[in-house]
Amino acid sequence: MRSRTPFFHTVAYTFVACAILMPCAVFCSDDTLSRKVDPILLASIKALRDGTVTNAMATRGLKSTLGRRLIAGTQDRIPITLDVAGLTDAVLREISATGATVFHSNAKWNSVSLHATIEEIDALVQLGPVRLIHLAQRPHTRQAGVSGNQADADQNADQARAATGVSGAGQKIGVVSNSCNQTSIGPGTLTGTVPNAILSGMKNQMSGDLPAQIQVIDLGPNDVVATDGSYADEGSAMMELIHDTAPNATLAFASAYSTQTVFADNLLKLGKAGCTITCDDVGYYEEPYFQDGPIAQAIATNYALGIPHFAATGNDYDNGIMGTFKPVNTANSTDSGITPPNGDDFHDWGIGGSTPGFLPVDILAGHTFTPVLQWNQPFQSYNLGAGASVDLNMYLFDAPSAAANVLASSEALQFGGAIPGGDPLEEFNGGNGYVNNSSSTQRVYLAINHFAGLRANTFFRIVITDRTGFSFPSGGAGAISIYGHPASEQCIGCAAIYSAEIESGIGYGADSTHIHVEAFSSLGGSGANGIPFFFDIKGNALSGAPQRRNKPDISSVDGCTTSFFRNEFHALLGGNNYPPLSNHYPSFFGTSAAAPNAAAVAALLRERAALSTPAQIKNALQTTARLSVLGVPVTPPDRIGAGLIDAYAAIQAMPFVVTHPSNKLVAENQSATFSVSATGAATLAYQWQKNGVNIPGQTNATLTIGGVATSDEGSNYRCVVTNASGTTVSTTAVLNVDQVPTITSAPFATPSLVKTGTPVNFTAAAAGAFGQAVTLTWSFGDGNNAVGASVSNTFSAAGTYTINLTATDPLGLTKSASLTVTAFDDQNGDGFPDLDPTADNSTYAGLVQRIQNLTPAALNVRTLAITLNFGKPTLNDSISLSGTIPIPTNFNPEGKHVVVLVGGVGREVILDKRGKSAIAPNGSFQLISNVHSTTAKYNFKISKATLQKFFAASQLTNRTIKNEPDTVRVTLFANGLMYDTIQPQTYSATQGKLGKTKE
């Protein structure tokens, strides 16, 4: 609830307190003290200097007077904020040397926050780098487990979840408020150190009203509880509302206390912690009205990083006053400089029936009147500019006369010595305002005095920060009351509509024809009546100033139940006497509740379209916002912004990819096509990306890549789909460029040596790239083919065959492998291949060796002679071979099978009992042995034969050569054994005549 923290003055004031309330010219003189120091500090410092009070008395007296309006401080020190001319380590050392205790500093905004006694403040005044000294005033809040959140249905978030399945997953919402675990719900357990600490174990976490773990950036001070102890832990209440609508979003918390720069820094820390959305319900009455201060700048920084921020616009009704300064006496000097003021240079309120320079105000008994005045000059604090060149002061009189009693005044010095300086800010009693301590309504008169600088075109705003207890009997108020960071362009400012109004559709109170925004929801404006801004963040005048901002942006829901937070608060806001909600849980009222309810809806939208910018999120919420509920109009326009947000309508407006692109596998130089289909409001824009980078010109729903190259292998393609309401992205599709298959198991034949007519089994395995199935095709070399991983073939003719295997993938890429199979004839069934004397048998020896798995023994060759007659090549060649082989004792040669191979010449014989056998044609073989011998002589002869073609491999060819070294392989198979040798020879030949070898 964006509410002023209540405080009460004690009856007994110290001297210091009385001095603060007295308007005194000497305190506003143009000296170092008055130029630098908050007016409310002047009396205490003067009294200390004069020796009227001690340091301890002055400090205690001021703390007692200001009460809980000050932020947390130590018992004997006052919290203050310094504006310095360039923050460095040396400046911080100077400040610390005064004895003051620094608790926060920020070089960007030239700001230092510290605790100090009056004496230490006086010492700080003397430091050259210190330009301004302000009281560090307490901020104000703008106010699922066991308790539900009515906003979930009122904003149609329940429909959005049901229809699309969103739940806030993947989103992290940062909440900025006062505290989150100081009341009876806590304290929880804090694990780790901030900003990465984890809070767990609070009662509302254990009940399911909050997630089990919450990241803590900054818990803030321990004294944020208001006087009656009822306002603490608004942060926890805000997170409860969020958790009901976006149950799968993660949460992070940061305190907005204790200064504007702490608030701003914590917002930036939430962004760095990975928050995708942030929201707050805290404001500082001293935030600039006419330019963006530190908090607004932090929101803008996060905005540029894609983080939308939702802020409570405030609960200040229409308690605003706005106008251009007009002096009562227009003929008077433009620089009055009169102390005390005579009223000639008071602002003329222009109210009929009233004294021109005095605005009547009626204050109820016991109530406070706290106006905050700012005008269109740049701030000096927070590095926002040179400071004001116009000095206005503010007074409260007990009668419409400059000579009447001054009940309260604010005379901060700006433009001292005709030099720009100071902040264009005035407020009574350090923000405590004026209290009507009488027992009846008191009429007082508000006056603004022009003290220095050119008064022409001085535009001012006043926001009365008390919600009720006062009135303007003659008019004059009723202007814009939204101010500070909720008015920044990058912030989404949220107004509040009571949940019961929405659910009934008829409204409460006298008007049952409209659904009304909460009466307290701060007044905004739009168009030419928008909130005026005059300066940028460096104090430079904006082009065409004032630039107008439309606020609030949207309306959300308040009056929702939480597990613990505030039931009667709506009555404190001065709202209608609404009936209680049907359940027994407390109700959370105020724009403080509206902001987190809107942020939770944003989490649903962000999950739906994850790349949506803050501007798109805002557009989605505004363009789908409802201006009527159940046929009943929502009003008034200057308070509701675009209307009541509708999560379901907003999520339907956002782009959503229905069909995502699929992975593609293509061969090199082929084309690949990816496509998406999407839904969403208005016209959808498409942008294809390759490996996360936009592809120029590819802005259709379909992407075609022509002539794929091998360099495209593994590239990622996705489509970004955009409309005014959001940006989403398709899943990533991978482009694979096809590769040849892999033979994972080489082709294998069983057996690889086979008798003709016997089946041979073939097996192999292969895999296609990227898991493709492949086709295995076999070619057996005999004219037969087969397909499969396991096939067979029968060879009908003897020979050595090359078997070719081809693995083919679906795109036609192939990989080949081969093996050989030898088929042989064995007509006599002796296990030996049949020898063909007409063929070259140079490979026969190896074939038999493999078939019978023989280990050859050395063959003894005594003589080997080969004669080749090239002059008479027909039947004129001869071979003569002799040597010995081992034989067993009592060897019987009869019937023994013998094979003799000389080079490529082969003959096979069957021996008779004498060891002899004729060889057809023109040959003979004899094995000579006796009974007791273990060796036998062999003689092998072939004459009158044609043998030349069989010795080509041994180089015994038709040429002229003399005694050329050569070798001839000689093999003999006998008695089931193999004898083998490479026989050295010399070869002499005369081309066209004879060629002969000898050993």
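Trainee: Which residues does Thr245 touch, not counting residues up to four places away in sequence?

Mentor: This is a predicted model, in which local features need pLDDT of at least 70 and side-chain atom pairs count only at pLDDT 80 or more, while totals for chains, interfaces and linings use all residues. Residues are numbered from 1 along each chain as its sequence is written, and side-chain values use heavy atoms, with hydrogens and water left out. Taking contact as heavy atoms within 4.5 Å, and not counting residues up to four places away in sequence, Thr245 touches Asn149, Asp152, Ala157, Arg161, Ala600, Val601 and Leu604.

Trainee: Is Thr245 buried or exposed?

Mentor: Thr245 lies in helix α10 (residues 234-245). Buried means under 20% relative accessible area, exposed over 50%, and partly exposed in between (1.4 Å probe, protein chains only). Because its relative accessibility is 0%, Thr245 counts as buried.

Trainee: Which element gives the most to the lining of the second largest pocket?

Mentor: On a 1 Å grid over the protein atoms alone, a pocket is an open set of points with protein on both sides within 12 Å along at least five of seven lines, and lining residues have an atom within 4 Å of a point. The lining holds 19 residues, with Gly799, Thr822, Thr843, Tyr844 and Leu847 nearest the centre. At least two residues each come from strands β51 (799-808) and β52 (814-824) and from helix α19 (844-852), where helices are DSSP runs of H or I of at least four residues and strands runs of E of at least two, numbered from the N terminus. With 4 residues, the element that gives the most is α19.

Methods
1 Å grid on protein atoms, 1.4 Å probe; cavity = no way out; pocket = protein on both sides within 12 Å on 5 of 7 lines; lining within 4 Å.
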